Amino acid sequence: MTNPVAIIEVTNVTKSIVSGARRVDILRGIDFHVPRGQYVAIMGPSGSGKSTLLGLLAGLDSPTTGSIVLDGEEITGLGEDELALLRGRKIGFVFQSYHLIPTLTAEENVLLPAELAGNGHVRDARGRACELLEAVGLLDRRTHYPVQLSGGEQQRVALARAFMVRPPILLADEPTGNLDSANGHQVLELLLTLNRQQGTTLLLVTHDQELAANADRRLILRDGRIVSDET
Ligand SMILES: Nc1ncnc2c1ncn2[C@@H]1O[C@H](COP(=O)(O)OP(=O)(O)OP(=O)(O)O)[C@@H](O)[C@H]1O
Ligand SMILES: [Mg+2]
């Protein structure tokens with residue numbers, strides 16, 4: 001049964017990796033539903049499977065068993081092309097390292113998801129890219145290349161890029177992990193403000209207790225299982 005209010009439905013997901021004679025069980029049966037618009041903090045010790053789970057939700061990798069339904073669409077079993085389209089329409093990501101394209105300017109990096117999705121007119125897309133760059137305080141830096149920007153500035157460009165196509169789901173994996181606390185704080189404030197403005201469903205992996213305390217819900221992983229799910 002699909003749940004009409006859940007935008008993310010994860011059912012009995014496992015992920016095992018076999019290398020040589022060894023099998024590593026990274027996720028050992030994950031079940032949870034996320035209602036639309038919820039802000040979920042995902043916590044747990046290093047190696048507990050947080051990034052693996054986010055990668056599966058993003059369709060960057062497929063689970064060994066189980067089902068993942070995003071916005072009513074089963075993503076397990078989709079081919080590469082279908083997954084790429086789905087990502088373009090439904091998912092924004094922010095990673096610990098910024099993953100900007102070095103040969104593109106800040107503005108071109110922000111525009112990229114719209115170009116990949118192939119939707120909308122380029123002029124509308126440029127307007128939106130400029131609005132987002134303004135929201136992250138970098139409009140005057142739009143013609144600069146990533147190498148000309150600080151770490152915090154690059155992560156703010158990555159945030160603007162993540163919101164470019166108004167994704168209903170935003171996945172963020174320790175987005176401030178490489179920043180000092182002042183820059184990290186600014187990036188998080190922006191992330192949460194944009195998230196509220198756009199009504200995005202947010203899954204944020206973090207080690208920060210204070211941040212997690214402000215989330216609508218905290219999921220804690222340990223050894224590939226959810227050991228606590230608290231709202
Ligand atoms: N491709 C792989 N091959 C073998 N083991 C892997 C692979 N990817 C991840 N793992 C293992 O799976 C476990 C979970 O990794 P994952 O990156 O999801 O943890 P995490 O919770 O994000 O940790 P951290 O807080 O350090 O980022 C780790 O023990 C890791 O070594
Ligand atoms: Mg991780």
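An open sheet of 6 strands, with mixed pairing, is present in the predicted model in the order S6-S7-S8-S3-S9-S10, where strands are DSSP runs of E of at least two residues and helices are runs of H or I of at least four, numbered from the N terminus, and where two strands pair if DSSP finds at least two bridges between them. Because strand S6 (91-94) and strand S10 (225-230) each have a single partner strand, they stand at the edges, and one side of each is left without a neighbour in the sheet. Neighbouring strands of this sheet are turned by 20° against each other on average, direction ignored. Strand S9 (residues 217-222) runs antiparallel to S10 and is joined to it by 5 bridges; Leu-219 has Asp-229 in S10 as its bridge partner.

Helix H5 (residues 151-163) lies across S6 and strand S7 (169-173) and runs at about 170° to S6, with contact requiring C-beta atoms, placed from the backbone, within 7 Å, and with axes fitted to C-alpha atoms, for helices over the stretch in contact, and angles from 0 to 180 degrees between N-to-C directions.

The shell around ligand 1 includes Ile-17, Val-24, Ile-26, Lys-50, Ser-51 and Thr-52, a residue being near if its C-beta atom, placed from the backbone, lies within 6 Å. Strand S2 (22-35) and helix H1 (50-57) are the elements that give two or more residues to this shell, and H1 supplies the largest share, 3 residues.

Residues are numbered from 1 along each chain as its sequence is written, while chains are lettered from A and ligands numbered from 1 in the order in which they are written. In this predicted model, local features need pLDDT of at least 70 and side-chain atom pairs count only at pLDDT 80 or more, whereas totals for chains, interfaces and linings use all residues.

Technical notes
Contact = placed C-beta atoms within 7 Å.
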